[in-house]
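Here's a quick briefing to read alongside the coordinates. Have a look at the model, then go through the points below.

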Amino acid sequence: MNLQSNFRVKEYVAQRAIFIVLIALVVGIAIADPNFLAFSTLRDILQQSSTRLIIALGAAFILITGGVDLSAGRVVGLTAVISASMLQIDTYANRFFPDLPQLWVGIPIVIGIVAGLLVGLINGIIIAKLHVPPFIATLGTMVGIYGVNSIYFNMDPNQSQPIGGLRKDFTQWGSGYIDLGGGYSIPYIVLIAIAVASICWVIFNKTRLGKNMYAIGGNVQAAHVSGINVARNLIMIYAISGALYGLAGVLEAARTGGATNNYGNMYELDAIAACVVGGVSTAGGIGTVPGVMAGVLIFGVINYGLTFIGVSPYWQLIIKGLIIVSAVAFDIRKYMAKK
Amino acid sequence: MTMTEPYVLEMRGISKAFPGVQALSDVTLKVRPGTVHALMGENGAGKSTLMKCLFGIYKPDEGEIVLDGRKAAISSSRDAIASGISMIHQELHPVQHRSVMENIWLGRFPMFWMGPFRLVNEKRMYQDTLDLFRDLDLDIDPKARTGSLSVSKIQSLEIAKAVSFNSKVIVMDEPTSSLTGNEVEQLFTIINRLRMRGVSIIYISHKMEEILRIADEVTIMRDGCLIGTWPSTELTTDLIITRMVGRDLKERFPQRTHTPGAPLLKVEGLCSVNPKSFQDVSFELRRGEILGLGGLVGAQRTELVEALFGMRGLASGKLVMDGRPIRIKSPSDAKRHNIALLTEERRVTGIFPVLSVYENTIIANLGRYRNRLGLLDERKGREEAERNVELLRTKTPSVSTLIRNLSGGNQQKVLLARWLLTEPDILLLDEPTRGIDVGAKFEIYTIIAGLAKEGKSIIMISSEMPELLGMSDRIMVMSEGRVTGIVEGKGATEAEIMRLAAQQRRTEAKGNSHELTIQF
């Protein structure tokens, strides 16, 4: 009995280690420089982490099924360019579509998200129907999508010029905020990220698709003999992830007020790193939305906080690398069975 | 008298052949409603094949399956479940990281609409699971993580799942093989409760005492044939054993011309780190001796030889080789002490399918084929591989052929060659002839006998009784992780071995030596 409760305590701590690390990190940086604890710091970290969170949530869907998605970053670039190309102010000199009328802002946003969804759908079909391993399938789309994006980006008259001069009613979604008075404010993009995380939480925990996702990643054989249509579930999950990357790309364009075909490059690796640090297993079957949020925030705090206290960017990279490896080494101990 | 069917399930005249083997010939199994029907036979008697036919995993060549008097077409495990047949597998495979209730209702979650969204009805799922468990008097938290449960609880979960499908027939394959005494009692309570409700259980087990206690009827199979069905009240342990083994030993083994020499390896009180695996194992292995290792599924024989090869952890015990104590913590330690292991799962832990015969032969021994530059001397390696192909009479077009293109017997010879090149003093062979056809078996036997004659010591696990009796100088028998006896190979009988293998632990007392040497 005692042994059991002891085990429970250990498990409890192990499950929440990530949040403890996050708090320790904040405390450590705050001791080095108490100014870190200002509200504006928190707001900036959240704002910078918002699109990363949305991409990481997409990656979490895939990782939990036991897959991996390398195309995320390039999808972000694609949808950033597509949405930005349709949302320039009509007085701007280098318009991507010189004769395009001022569209309602929602149309390009939806087109961007749908483009992402289509890429995800293609990934899903290649993986579930053609049985190509996810690593290879998404490596292929990652390379191919960049090609598609570059052709689009190089069209006349743009010819690979960075897309700028984006409309205010679009960029406000990335850089605008609600003023709460007294120096407090909440960026819209943070609210969007929180809303997306909430929806993902519901999908993970309350829907059949979410539970099937865990079952497929945990034991695909058991899922199959329980009558789950594994292929259809996988395709839907890849499509949802693609849509999330699409949304993230649109928001990246809005946040930075522009886009090039190199947007999002390698974001998939940041997303996977945030997921595994947040307790998502690359072997599949394990992962939570709060864990992913903590994983993203840890990297947000490191990026911002270490710069804040003057740690060189090269040292930051070394620290990040150490955190990724040690987080997973620690995590694996939870599940290692004794032979 | 009502005209209800006397049998809930009838499998009539089932035959099934695989290339080279008649796995089942004209087997009939009739199960009455609300009874426990034991299915018995040696390893390889065809029990699993018969159950796979029932479950739609194999399609029988001949025969029919009749459920409740109606002919049933079962071509997948889904069909079987829909027809009211469930199976509790020997190795249970739930989704470890999810809750108990999710595992039970996987693929058929109760749903509800919340506005436009269709969500899983957790409350209803929880309540349904509670009701199901209360009904079976199970004490399991529906929200517990499945991976945190004991094997016995996971088994209860699987039984509850079968009940939730309204199964009329539940097949249990070796359900007690990993349970403790107390857990077996709990299982029997559940089985009795199911029997009272009219559910039939097909109970596959080797354990005589269990069978005689729980079964109403017993069907015995041998070599793919039906021997007969009897009420358990008419049977005794001896009668079952006689009917399970009763066959004559043909001249299927090479003449033995060597005599074992001085002791080489002394094993004392070896205990696994896993309390459910082997415990307190002691024996001696002589030079040039073939020590057969017999036992039933779950006897922990594979675990023992894998531990001797450093693949599994040891909690305590001593190994003495040539008078010197040795420690083996990894396969490379074992290799250094000239121990070699031919694993049971040839495809999983033996062959490298996409490498050639040549590469497969020398892979455990690459250090020997270095030239002066430290690079691999391919010519030397090839010559060695070719020499071994000739020596063991391996049938292969050339040593460059991919090993996966060879037959099982020839793959096994390549693996034997691989380990012989390490010049072992002790060869551990785990089911060396599994999945190999009869002709090739004799050749493998000849090679093994030849090695013993050269003075190599051999421990050979075998689940085939004739092989064990025909090849071994001595036979060590294990049951539930304990050595239950070591008998001289010459003069040993199948019944003797079977009795030792089926010996069950009566007490939970520890530290008791269960070793018992029978002299002839």
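What share of the 339 residues in chain A is buried? Buried residues come to 46%. Keep in mind that this is a predicted model.

**Chain A overall**

- Chain A is built from 13 helices and two strands.
- A compact globule with 339 residues would have a radius of gyration near 20 Å, and chain A agrees with that at 21 Å.
- Along the principal axes, the C-alpha atoms of chain A fill a box of roughly 75 × 55 × 35 Å.
- Take the contacts in chain A with a separation of 6 or more: 77% of them are between residues 24 or more positions apart.

**The nonpolar core**

- The largest nonpolar core runs to 228 residues, and those with the most contacts inside it are Ile55(A), Ala56(A), Leu57(A), Cys275(A) and Leu428(B).
- Helix α10 of chain A (residues 230-256) gives the largest share of this core, at 15 residues.
- Over in chain B, domain 1 (9-245) and domain 2 (263-338 + 424-477 + 488-518) both give residues to this core, so it lies between them.
- In soluble globular proteins, nonpolar side chains tend to be buried together.
- Zooming in on Ala56(A), and skipping its neighbours within four places in sequence, you'll find it in contact with Ala271(A), Ala274(A), Cys275(A), Val292(A), Gly295(A) and Val296(A).

**The six-stranded sheet in chain B**

- Six strands of chain B make an open sheet with mixed pairing, in the order β6-β9-β10-β3-β11-β12.
- At the edges sit β6 (85-88) and β12 (225-231) of chain B, each pairing on one side only.
- From one strand to the next, the twist averages 20°.
- Strands β3 (residues 36-40) and β10 (residues 200-204) of chain B run parallel and are joined by four bridges; Ala38(B) has Tyr203(B) as its bridge partner in β10(B).
- Helix α6 of chain B (residues 181-196) packs on the sheet, touching β3, β9 (169-173) and β10 of chain B, and its direction makes about 145° with that of β10(B).
- Helix α8 of chain B (residues 237-245) also packs on the sheet, touching β3, β11 (217-222) and β12 of chain B, with its direction at about 30° to that of β11(B).

**A buried loop glycine**

- Gly310(B) is in the loop between α9 (301-308) and β16 (314-321) of chain B.
- Gly310(B) has 21 C-beta neighbours inside 10 Å, so it counts as buried, the cut-off being 20 or more.
- Leaving out residues up to four places away in sequence, Gly310(B) touches Ile328(B), Lys329(B), Ser330(B), Pro331(B), Asp333(B) and Ala334(B).
- Gly310(B) and Ala23(B) are 287 residues apart along the chain, and their C-alpha atoms are separated by 36 Å.

Note on methods. Residues numbered from 1 in each chain as written. Chains lettered and ligands numbered in written order. Predicted model: local features only at pLDDT ≥ 70, side-chain atom pairs only at ≥ 80, totals over all residues. Core = buried A, V, L, I, M, F, W, Y, C linked by C-beta atoms within 7 Å. Buried ≥ 20, exposed ≤ 12 C-beta atoms within 10 Å, placed from the backbone. Domains from an automatic or database assignment. Contact = placed C-beta atoms within 7 Å. Rg over C-alpha atoms; globule rule 2.2 N^0.38 Å. Pairing = 2+ DSSP bridges. Axes fitted to C-alpha atoms, helices over the stretch in contact; angles between N-to-C directions.
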